[in-house]
Amino acid sequence: MKLIEDWKQAWKLKSVQVGAISAFFYILILFSEQFLGVWNIIPQDLKNYIPEQWQEYVGVFVGVAMVLARLKKQPELNTNIQPFITVTAGHSNKDPGAVNGKFKEAELVTKFRNAVAHYLSEAGVAIKTDGVGALNQDLNAAIKLIKGSSVAVEFHMNAAASKQANGIETIALPKDKKLAQDLSKAVADVFGSRLRGDNGWIDQSQSARGKLGFISNGGLIVELGFISNEAELAQFNAKYWTAAKAVAMILIKYEKALS
């Protein structure tokens, strides 16, 4: 076989570049499920070591793999819109939220979002999130994901001047009262915390925070305890994977009841 002249510069040819991109996506389609399986078992602490400048690219790569994996499992698509669950993390990479020493609310709830998303995906539930890994997009991005979802939940942590303040609550509209109470109880049972408000439900109209954009657009906000309370913070760090699984089970049960 005789190579073309200047074959070492072949990578500059458009035909070669298109071929390489096609091969990359073909390999990604073939091994998307295996990649996601490995990705999901990697501890979040190790994922946090990914350099910040790479996190967005890794997030896009994982997102594409998730879409391809879903398409492989559903080769016969129809025109019906498939239901999905939206799970997002409060604040963002630019807004840390409440802080207690080295612990930042935005980072903690991002880990919780990832854990809930893992269990939902593992159960075959279609999901949308405001990022993967350490990526946590802002409120505007989170609100855009609510439209079309069967349920949308965002995770936060409370904070108070009093370090004794404690408890779990979910802020929601009256129509979501029962779901809010179920979500709060699922978290409180794992963390050993008390329920605030009406058995874990806080009516947005009665909340000191006033009107919240995520809730006004149809979502629920789960407050996973007080970051300012050392005992609740310790419980969160020790058991957030278990609590995330309990939350995922509530969301799956809720979605099944709708179908």
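Predicted model: local features only at pLDDT ≥ 70, side-chain atom pairs only at ≥ 80, totals over all residues.
Let's start with strand β5, which is covered on both faces. On one side sit V151, V153, F155 and M157, all buried.

Now step back to the whole chain. It has 259 residues, and 42% of them are buried. The secondary structure comes to 8 helices and 8 strands. Take the contacts with a separation of 6 or more: 78% of them join residues 24 or more positions apart.

Where does β5 sit? It belongs to an open sheet of 6 strands, in the order β4-β1-β5-β8-β6-β7. The pairing in this sheet is mixed. At the edges are β4, residues 127–129, and β7, residues 201–203, each pairing on one side only. Neighbouring strands are turned against each other by 25° on average, ignoring direction. Helix α6, residues 177–191, packs on this sheet. The helix touches β5, β6, β7 and β8, and its direction makes about 25° with that of β8.

Let's walk through the pairings. β1 covers residues 85–89, and β5 covers residues 151–158. These two run parallel, joined by 5 bridges. T86 has A152 as its bridge partner in β5. V87 stands opposite V153. On to the next pair: β5 and β8 are also parallel, again over 5 bridges. Here F155 stands opposite V222 in β8. β6 and β8 run antiparallel, with 3 bridges between them. In that pair, E169 stands opposite E223 in β8.

How many of the residues of β8 are buried? The count is 7 of 7, so to speak a mostly covered strand.

Next, the nonpolar cores. The largest has 43 residues. Those with the most contacts inside it are F112, V116, L120, F155, L183, L224 and L251. Which elements supply at least two residues each? They are β1, α4, β5, α6, β8 and α8. The largest share, 10 residues, comes from α8. Look at L224 for a moment. Beyond its neighbours within four places in sequence, L224 is in contact with V109, F112, F155, H156, M157, I168, V187, F191 and F236.

Two single residues deserve a stop. The first topic is S149. S149 lies in the loop between α5, residues 139–144, and β5. Is S149 buried or exposed? With a relative accessibility of 17%, against a cut-off of under 20%, S149 counts as buried. Setting aside neighbours within four places in sequence, S149 is in contact with F84 and T86. Compare the positions of S149 and V87: 62 residues apart in sequence, and 9.9 Å apart in space, C-alpha to C-alpha.

The other residue is E232. E232 lies in helix α8, which spans residues 230–258. E232 is buried, yet has no salt bridge. Which side chain of opposite charge is nearest to E232? R194 is, at 6.7 Å. A salt bridge needs the charged atoms within 4 Å. What does E232 touch, leaving aside neighbours within four places in sequence? The contacts are N166, G167, S193, G225 and F226.

Technical notes: Residues numbered from 1 in each chain as written. Heavy atoms only, no water. Helix = DSSP H or I, 4+ residues; strand = E, 2+ residues; numbered from the N terminus. Buried < 20%, exposed > 50% of the residue type's maximum accessible area, 1.4 Å probe, protein only. Lys, Arg positive; Asp, Glu negative; His and termini not counted. Contact = heavy atoms within 4.5 Å. Pairing = 2+ DSSP bridges. Axes fitted to C-alpha atoms, helices over the stretch in contact; angles between N-to-C directions. Core = buried A, V, L, I, M, F, W, Y, C linked by side-chain atoms within 4.5 Å.
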